[in-house]
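Q: Could you take me through this model? I would like the overall picture before the details.
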Amino acid sequence: MKIVGELMTREVVTLKETQNLGKAEELLNMHRIRHLPVTRQGKLVGLVTHRDLLRAAATHASDPAAQPLWAADIMTRDVTTVTPNDSLREAVALMLRNKFGCLPVVAADGTLVGIVTEADLVRYAQHLIEDKDRRELAREFNA
């Protein structure tokens with residue numbers, strides 16, 4: 001059985017609650033990602049997505065007197081997470097059922113240890129497809 005820890009991205013780009021949305025946008029663009037876990041002293045406290053930034057920018061742009069926005073202002077606070085030892089099959093089912101683009105991976109104490117994204121799953125699917133194609137080609141060659 002595959003577990004989340006085998007597939008998760010371990011080097012996670014994160015944001016602090018006190019960082020502004022300009023920094024969030026910069027990180028998303030620089031790393032070509034769509035999800036930023038928000039941490040406080042290494043523990044997950046929220047999640048900011050590219051979609052959150054677009055929504056905040058659209059709302060914020062219409063108010064010329066608006067104050068700068070911070071990650072804490074727009075982040076999702078009640079984030080669904082998984083642990084490294086959770087079944088990958090169950091994590092994928094959770095993502096599909098809820099239409100999540102990612103699942104932060106946390107240790108028992110809430111420390112962020114990784115993230116599983118749609119891109120991770122597509123890379124894994126590519127690996128499985130290539131492996132299946134190699135086996136079929138070998139079977140045809142040996143037949």
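A: The radius of gyration is taken over C-alpha atoms, and the globule rule is 2.2 Å times the number of residues to the power 0.38. A compact globule of 143 residues would have a radius of gyration near 15 Å, whereas this protein has 19 Å. The model is predicted: local features need pLDDT of at least 70, side-chain atom pairs count only at pLDDT 80 or more, and totals for chains, interfaces and linings use all residues. Residues are numbered from 1 along each chain as its sequence is written, and side-chain values use heavy atoms, with hydrogens and water left out.

Q: What box do the C-alpha atoms fill?
A: Taken along the principal axes, the box is roughly 75 × 35 × 25 Å.

Q: How many helices and strands are there?
A: The protein has six helices and five strands. These are DSSP runs numbered from the N terminus, with helices being H or I of at least four residues and strands E of at least two. Along the sequence the pattern reads α-β-α-β-β-α-α-α-β-β-α.

Q: Now the helices: at what angle do α5 and α6 cross?
A: The axes of α5 (residues 88-98) and α6 (residues 118-142) cross at roughly 125° and come within 12 Å. Axes are lines fitted to C-alpha atoms, for helices over the stretch in contact, and angles run from 0 to 180 degrees between N-to-C directions. The two helices are therefore oblique to each other; angles under 35 degrees count as roughly parallel, over 145 as roughly antiparallel, 65 to 115 as roughly perpendicular and the rest as oblique.

Q: Which residues make that contact?
A: Leu88, Val92 and Met95 of α5 meet Glu118, Leu121 and Tyr124 of α6, where contact means heavy atoms within 4.5 Å.

Q: Changing topic, is Met75 buried or exposed?
A: Met75 is buried, with a relative accessible area of 7%. Buried means under 20% relative accessible area, exposed over 50% and partly exposed in between (1.4 Å probe, protein chains only). Met75 is found in the loop between α4 (71-74) and α5.

Q: What is Met75 in contact with?
A: Leaving aside neighbours within four places in sequence, Met75 is in contact with Glu17, Val38, Val45, Gly46, Leu47 and Val48. Met75 and Val48 are 27 residues apart in sequence, yet 4.8 Å apart in space, C-alpha to C-alpha.

Q: And where is His35 found?
A: His35 is in strand β2 (residues 35-40). His35 is buried, with a relative accessible area of 12%. Beyond neighbours within four places in sequence, the contacts of His35 include Leu47, Val48 and Cys102.
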